Amino acid sequence: MPRPNEGVYATPLLAKPENDHGHEHHDAAERGRSNGTLTPNGRAVPAITPRPALSRRSTAMRSRSPRGYAAEQAARKKYTYAAFFLAVSLVSFCIQTELSAYIQHDLGWDKAYCMMYFTHSSWIVLWPAQLLILRLQKLDQPWPVFWRRHTQLLKSTALMVEMQTLDVFGATLQYSARSVRYMLRITALVTTALTVAGLSWYIAVSMTTPSDLTAIYNCSAFFAYAFSVPILREPLRLDKSVAVLIAIFGVLVVAYGDTGGSTTEGEVGKATTRSSGPNADTAENRFLGNMVIGFGSVLYGLYEVMYKRFACPPDGVSPGRGMIFANTFGSLIGLFTLTVLWIPLPLLNAAGLEKFALPDAATARLVLMAVLCNAIFSGSFLVLISLTSPVLSSVAALLTIFIVALADWALTGQPLSGAAMLGGSMIIVAFLALSWSTYREMTEHEAQKLAVDLTDSDDEDGNLSGSDA
């Protein structure tokens, strides 16, 4: 029996046999011939072993890296929030449109500025309603703690809005006080643009045809994209440009595709004043009404971009924070409207341009429903702009044209025309294309973002002060 240090046990595993030197040259030649590295003198150059081909696997692993996965999840969460608020805004706008048309045309309460004042003042309920919902979700917290955390979140987000950065936790009290003045100035600026744009619609509704009103006012999607380039520094993209043009062309098809004699006169008769017959005043005022609604369309596109640029937190915050601050800013618009924009009411009444008169009890109930629907729509629309972009939100708002047409079909029994079907389909296709383009942009931006709001959370517990922590 051999010992451990004798025989094969003492032979190294990688040692060559002593009589194998004669075959060394032949083996090298064979290896050189197989690898294509045989030199003229018969010696082989050692071949460099290539690394394993892991291109597809490594690419897949890189694409599913923690950072890329987190970016994809963040973009998906934003789009989930945006999809929910889009659905809410479409339904509420449809109800508001039907109620407003019935109040103005059938019940005869045609008070443009007063109706605008009521609807925009109703936005003040957005923040209290939101606070109630948040409180019901946090009943286990004492009220002082809940209130301190909520106000701290609003203050830190206001600093993010003013400074357009996520790193605001070292800001001093001086910056905090300055952010209050900043929000007051921006609220006044944005509310003024919104008020003039909204008032133009209420004025033009009795001066021009419904087709012109729909087509021109909804061109705000184009102006929102035009203003986004210089103000938001958004690059011009071919897919977005084509989608916006398709959407606007779809609006034109809906507005003018089935313009016939009897139908147009019936619709125009609804848009004229109560004391006039169909088409009595519209022929004279149509051009002026188109100019008014055109100015309102431009201003509404500017309002959306200004809100996104000056009143929304920068990219990188959580969807929950963006939603909370959007509704808070909506309440600021309602507060400014309620406390400041009542001043034109007595002036318009004294000048005889619009006599102030409250509606009767039955009409007042419908006005209240229309006002609340407008508050829900506006709050959802502000959240939608904050989470996505003014361009996508504007094109999404064009979906209401098709939805209102479906509602009219359900209420009146008159089926949709071919132009309504074609134009509505074009708007839907443009919205889907723009949604996919925006989603890819959001995913790429989240992946390339160096500063990530790691302390943010959707339960408004992020960004606490030291005492709260």
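How much space lies in the largest cavity?

Author: The model is a predicted one, and the largest cavity in it holds about 50 Å³ of space. Its lining is made up of Lys-78, Pro-313, Pro-314, Asp-315, Val-317, Ser-318, Gly-322, Ser-386 and Leu-387. Sorted by class, that lining has four nonpolar, three polar and two charged residues.

The count of cavities of 30 Å³ or more comes to two. The second largest cavity has about 40 Å³ of space. Leu-86, Ser-89, Leu-90, Phe-377, Phe-381, Leu-384, Ser-393, Ala-396, Ala-397 and Thr-400 form its lining. Helices α3 (66-106), α15 and α16 (390-397) are the elements that give two or more residues to this lining. Here the classes are seven nonpolar, three polar and no charged residues. The lining of the largest cavity, by comparison, includes two charged residues.

Now for the surroundings of the largest cavity. Ser-386, one of its lining residues, is also touched by Tyr-307. Tyr-307 belongs to helix α12, which covers residues 282-310. Because its relative accessibility is 0%, Tyr-307 counts as buried. Besides Ser-386, Tyr-307 touches Val-190, Cys-312, Ala-326, Phe-329, Leu-382 and Ile-385, leaving aside residues up to four places away in sequence. The C-alpha atom of Tyr-307 is separated by 8.4 Å from that of Ile-186, although the two residues are 121 apart along the chain.

Helix α15, which contributes to the lining of the second largest cavity, is also where Asn-374 is placed. Asn-374 has a relative accessible area of 8%, so this residue is buried. Not counting residues up to four places away in sequence, Asn-374 touches Gln-96, Thr-119, His-120, Ser-122 and Trp-123.

Helix α5 spans residues 126-137, twelve in number, and reaches 17 Å from its first C-alpha to its last, close to the 16 Å expected at 1.5 Å a residue. The buried residues in α5 are Leu-126, Gln-130, Leu-131, Leu-134 and Arg-135. Seen down the helix axis, they fall within an arc of 160 degrees, so they line one face of α5.

Asn-218 sits in the loop between α8 (210-217) and α9 (220-231). Its relative accessibility is 14%; the cut-off for buried is under 20%, and Asn-218 therefore counts as buried. Asn-218 touches Val-251, Leu-398 and Ile-401, again not counting residues up to four places away in sequence.

Last, the chain as a whole. The protein chain has 18 helices and zero strands. Of its 469 residues, 43% count as buried. Among contacts between residues at least 6 apart in sequence, 80% join residues at least 24 apart.

Methods. Residues numbered from 1 in each chain as written. Predicted model: local features only at pLDDT ≥ 70, side-chain atom pairs only at ≥ 80, totals over all residues. Heavy atoms only, no water. Helix = DSSP H or I, 4+ residues; strand = E, 2+ residues; numbered from the N terminus. Expected span 1.5 Å × (residues − 1). Buried < 20%, exposed > 50% of the residue type's maximum accessible area, 1.4 Å probe, protein only. Arc of directions from axis to C-beta. 1 Å grid on protein atoms, 1.4 Å probe; cavity = no way out; pocket = protein on both sides within 12 Å on 5 of 7 lines; lining within 4 Å. Points joined across faces, edges and corners; volume = space filled by probe spheres on them. Nonpolar A, V, L, I, M, F, W, Y, C, P; charged D, E, K, R; others polar. Contact = heavy atoms within 4.5 Å.
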